[in-house]
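Keep the structure open beside the text and follow along.

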Amino acid sequence: MRYLSILADQALQILPYWALGILLGSAISVFGKEKLHRLLGGVQARPGGLVLASAIGIASPLCMYGTIPIAAALAHQGARQDTLAAFMMSSVLLNPQLLVYTASLGEGVLAARLVSCLLCGVGAGLLVRLASRRGHEFFRFSGVGEPGVSRDVHPDPLRRYLLNVWRNLRATGPWFLAGVLLAAAFLYLLPHAAFGHLPGAGSSHLPEVVGMALVGIPFYVCGGGATPLMAGWMQLGLSLGGVVAFTLTGAGTKITNLSALKMVLGMRNFLCYIAYVTLFAIAAGVCSNLFSRI
């Protein structure tokens, strides 16, 4: 009975945000994504172009398999590689749907995740800009065609939107349920404040942050499933920085994202990407913990 009570509490805490995230994400996907991508084509000449490109990546609802053809089309039109890097990096890490999910974890987690993903995109853009000045080409879009045919083609806008919502429900629903079940199991089986007893707790939580960054690489599968897990872990004492590190490496190295990125990066750049995401996640986690104590 205690497990069922914990399960119900976890589901009720996250369920409204999960549903709202699907509704919002589908709305942007159906009605707003083309405008966002047109905006991306014009930001590179503006001051703060990398910040704008990273912000557009966060606002874009597309998965990496949808983002790469967009980036390839822009590259063929002359878009700079640093702009594309900022856009693609943040697009991998966050989207409007995940932002709503994250809001269920509290304002502090939402702000830390949003800022860290934005800065991760900007940092990727700056590194690619530096590499480009040395004659290094980071992306290889040869063989990647124009954006594929959208599935959102029904002539009735309402029907088009509802079909997108249904696809989101089918894609995230099983992972959401699995995440709630696992989170409830952690809360039932582990002692209260289990994470708080890890070495380094009470300072920057560096061992915890490094551990969560590494755990995120194989363990993160879907944002809908990871959010209930993080909610449960936070109740067990997981620090803000641990959450940030887990979400950055988790989303950045999700197997579907890696498979898509490998197509356009090549092995050397692909390994650089993995190293960058992991190191940035650890640094962002440590900084999040330090700033949360100010």
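## Helix contacts and a pocket

Helix 3 crosses helix 7 in a right-handed sense. Please bear in mind that this is a predicted model. Helix 3 spans residues 49-59 and helix 7 spans residues 107-133, and the two pack at about 130 degrees with 9 Å between their axes. That angle makes helix 3 oblique to helix 7. From helix 3, the contact takes in Leu-50, Val-51, Ser-54, Ala-55 and Ile-58. On the side of helix 7, these residues meet Leu-114, Cys-117, Leu-118, Gly-121, Val-122, Gly-125, Leu-126 and Arg-129. By class, this contact of helix 3 with helix 7 holds nine nonpolar residues, three polar ones and one charged one.

Helix 3 also packs against helix 5, at an angle of about 35 degrees and with the axes 7 Å apart. The crossing of helix 3 and helix 5 is right-handed. Here Leu-50, Ala-53, Ser-54, Ile-56, Gly-57 and Ile-58 of helix 3 meet Asp-82, Thr-83, Ala-86, Phe-87, Ser-90 and Ser-91 of helix 5. The residues in the contact of helix 3 with helix 5 are six nonpolar, five polar and one charged.

Next comes another pair, helix 9 (residues 206-219) and helix 11 (residues 240-252). An angle of about 30 degrees separates their directions, and their axes lie 7 Å apart. Helix 9 and helix 11 are therefore roughly parallel to each other. Their crossing is right-handed. Helix 9 brings Glu-208, Val-209, Met-212, Ala-213, Val-215, Gly-216, Ile-217 and Phe-219 to the contact, while helix 11 brings Gly-241, Gly-242, Ala-245, Phe-246, Thr-249 and Gly-250. Sorted by class, the residues of this contact of helix 9 with helix 11 are eight nonpolar, five polar and one charged.

| Helix pair | Angle | Axis separation |
|---|---|---|
| Helix 3 and helix 7 | about 130 degrees | 9 Å |
| Helix 3 and helix 5 | about 35 degrees | 7 Å |
| Helix 9 and helix 11 | about 30 degrees | 7 Å |

How much space lies in the second largest pocket? The second largest pocket holds about 400 Å³. Its lining has 20 residues, and those closest to the centre are Ala-124, Leu-127, Val-128, Phe-138 and Cys-272. Helix 5 (81-93), helix 7 and helix 12 (255-292) each give at least two residues to the lining. Helix 12 supplies the largest share, with seven residues. The lining of the second largest pocket is made of 16 nonpolar, two polar and two charged residues.

Note on methods: Residues numbered from 1 in each chain as written. Predicted model: local features only at pLDDT ≥ 70, side-chain atom pairs only at ≥ 80, totals over all residues. Heavy atoms only, no water. Axes fitted to C-alpha atoms, helices over the stretch in contact; angles between N-to-C directions. Helix = DSSP H or I, 4+ residues; strand = E, 2+ residues; numbered from the N terminus. Parallel < 35°, antiparallel > 145°, perpendicular 65-115°, else oblique. Left-handed = near helix turned anticlockwise from the far one by under 90°. Contact = heavy atoms within 4.5 Å. Nonpolar A, V, L, I, M, F, W, Y, C, P; charged D, E, K, R; others polar. 1 Å grid on protein atoms, 1.4 Å probe; cavity = no way out; pocket = protein on both sides within 12 Å on 5 of 7 lines; lining within 4 Å. Points joined across faces, edges and corners; volume = space filled by probe spheres on them.
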